[in-house]
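Subject: Model handover

Hello,

Here is the model for you to look over. My notes follow below it.

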2 protein chains.
Amino acid sequence: MKIIIIGLGLIGGSIAKTLSSSNDYEILAFDSNPKSIKNALDNQSIQGSLNSLNDLESTEYANSLVIISTPPNVTNKILKSLDFLFNSSVTITDTTSSKSFLNKTLQKFHFPENFIFSHPVAGSHLSGEENAVANLFDKKSTILSYHNSVTSQHLDRVRSLWSKLGSNISVLDVELHDQIFAYSSHLPHIAAYALLNTLKEFKKDDLSNFSGGGLGEFLRLASSSPEMWTDIFSLNEKNISLAIDDLIKSLNVLKDKIGNDPQSLQVFLSELKDFKESNY
Amino acid sequence: MKIIIIGLGLIGGSIAKTLSSSNDYEILAFDSNPKSIKNALDNQSIQGSLNSLNDLESTEYANSLVIISTPPNVTNKILKSLDFLFNSSVTITDTTSSKSFLNKTLQKFHFPENFIFSHPVAGSHLSGEENAVANLFDKKSTILSYHNSVTSQHLDRVRSLWSKLGSNISVLDVELHDQIFAYSSHLPHIAAYALLNTLKEFKKDDLSNFSGGGLGEFLRLASSSPEMWTDIFSLNEKNISLAIDDLIKSLNVLKDKIGNDPQSLQVFLSELKDFKESNY
């Protein structure tokens, strides 16, 4: 089976690298950056490349699997430009972490039966094909979301992709997906950026000399691609806005207890420690 | 020289473990938990123990170094109970990370010439003597703070302690110390607790399946001792309260940009990434 990866960044490149050891797939790629294509050809993670996305109109790509692995806004544009593939024998999936806005695009096309959302919960603060690794998805969650118009032939193709990549697959409704990820993933990144901004504004030299362990690791969340996170935040704005309000509420609870009630503060911190230890 | 460690927890125990390989010191300890004392005697990180802090009145402890290494509120009580040592040949230091409130106690005693604040910026989410390690302080910052009444004989003793432990020593004024640490260390812990509380209140099962890398490491900040952090937060309340307000301001800046201005959001995130990379 042919797999066409559109966007050879960290995620797309890692999919290619992991699958290249199997003989089940012919892996081809499309990327606007010729260096990424050259790298991937050199390290034999792909067998060829497409010159244009219109190449996909050819019958030689019938029954293939197209993976769009670009920043969310670009994914939306590509999805629209691939309308000629909707309801064909080609299966299409993505890898973004905000879904509702893409779902609106699908709605305009009456929910094609061959599009399935994928969200591999894997990554790194590093980006680009040069940082791609085999087994990035091994034992990591991948969330699938899809409309009830999707047919099992296409769904099975996407399921078997992520199984091959070693992921644990779950299924979530699109709206619930975006709500959950606003809290579980987007909000921690917001917190890292906000903390970093607070330290930046504090304007004392060598503040980093006075930080304990753990902070560096946390702030590493803010080292990911600004372009990607701008898209993710903006495209999941409604949920993230509620999550930020909840975080501010929690900060005010802490502030109040610190100022007024050390005893209830200690109980509060102990309960949070217990919650952390049984969940993370 | 005799070193008396009051409180054989992670910090006190690690000081004992690191120094025990040197022949320059006789290391004795006092701890209300007999198990910690037994452990430390068994692994030969201390050579003996005190039955009571009043033992320190004996002339055999002249010219020794007393290190109080207990949670901040306990440190304050012990400090008061050791008033018979003020302005003696014995040098006294502590290891807490909030200083101003202890300084008020010192003020009541007209700033004894033999008390120097120490704050080793080292630790772990684990606590207790059983988690003590040699070299915990190696290449880590230790901040000293002291009143101008302190004499060089006592100061040199504390300086040479931290040098032996491998620390990089800096000196900060007490007020500035507490202000800086409110931002550099206490606020990241507040952020971790607040985020954890937000996730807890969100009440969705298995949220942790949907979190990416980095979050676990960050939340680890909230695994430290609730007793210790209750003290640290409460005793540095004024500065922490300002720091929380600044963090909330930064969260609102992000929220506003996410809702209204993706372009300026991307510039903002890029600048924070640059700041992170040159500072942390």
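Start with strand E7 of chain A, which is covered on both faces: A:Ser141, A:Ile143 and A:Ser145 are buried on one side, A:Thr142 and A:Leu144 on the other. Buried here means that 20 or more other C-beta atoms lie within 10 Å of the residue's own; 12 or fewer is exposed, in between is partly exposed, and C-beta atoms are placed from the backbone. That makes five buried residues out of five in E7(A). In a regular strand, side chains alternate between the two faces of the sheet.

This is a predicted model: local features need pLDDT of at least 70, side-chain atom pairs count only at pLDDT 80 or more, and totals for chains, interfaces and linings use all residues. Residues are numbered from 1 along each chain as its sequence is written, while chains are lettered from A and ligands numbered from 1 in the order in which they are written.

**The sheet around E7(A)**

E7(A) has E6(A) on one side, joined by four bridges and running antiparallel. Helices (H or I, at least four residues) and strands (E, at least two) are DSSP runs, numbered from the N terminus. Two strands pair if DSSP finds at least two bridges between them. A:Leu144 in E7(A) is the bridge partner of A:Ser118. E7(A) also pairs with E8(A), in the parallel sense, over four bridges. There A:Thr142 stands opposite A:Ile169. The chain runs from E7(A) through H5(A) to E8(A) in a right-handed β-α-β crossover. Right-handed means that, with the strands pointing away from the viewer, the path from the first strand over the helix to the second runs clockwise.

The whole sheet is open and has eight strands, in the order E3-E2-E1-E4-E5-E6-E7-E8 of chain A, with mixed pairing. A:Ala29 stands opposite A:Ser49 in E3(A).

Which strands does helix H5 of chain A touch? H5(A) (residues 152-164) packs on the sheet against E4 (65-68), E5 (91-94), E6 (115-120), E7 (141-145) and E8 of chain A. Its direction makes about 15 degrees with that of E6(A). Axes are lines fitted to C-alpha atoms, for helices over the stretch in contact, and angles run from 0 to 180 degrees between N-to-C directions.

**Chain A as a whole**

Chain A has ten helices and eight strands. Its C-alpha atoms fill a box of roughly 70 × 40 × 30 Å, taken along the principal axes. Of its 280 residues, 51% count as buried.

The domain assignment, automatic or from a database, gives domain 1 (2-172) and domain 2 (178-279) of chain A. Their C-alpha centres lie 31 Å apart. Eleven residues of domain 1 of chain A are in contact with 14 of domain 2 of chain A. Contact means C-beta atoms, placed from the backbone, within 7 Å. On the domain 1 side, helices H3 (72-81) and H4 (100-108) of chain A give two or more residues each. That side has four nonpolar, six polar and one charged residues. Ala, Val, Leu, Ile, Met, Phe, Trp, Tyr, Cys and Pro count as nonpolar, Asp, Glu, Lys and Arg as charged, and the others, Gly among them, as polar.

**Between the chains**

The contact takes 73 residues from chain A and 73 residues from chain B. On the chain A side, H6 (174-202), H7 (215-219), H8 (226-235), H9 (237-260) and H10 (262-279) of chain A give two or more residues each. H6(A) gives the largest share, 19 residues. By class, the chain A side has 38 nonpolar, 23 polar and twelve charged residues.

Look at H8(B) (residues 226-235) too: nine of its ten residues are buried. Among them are B:Trp229, B:Ile232 and B:Phe233. The buried residues of H8(B) pack against H9 and H10 of chain A, together with H3, H4, H6 and H9 of chain B.

**The sheet of chain B**

Chain B has an open sheet of eight strands too, ordered E3-E2-E1-E4-E5-E6-E7-E8, with mixed pairing. E3 (48-49) and E8 (168-171) of chain B stand at the edges with a single partner strand each, so one side of each is left without a neighbour in the sheet.

Best wishes

Definitions and conventions. Contact = placed C-beta atoms within 7 Å.
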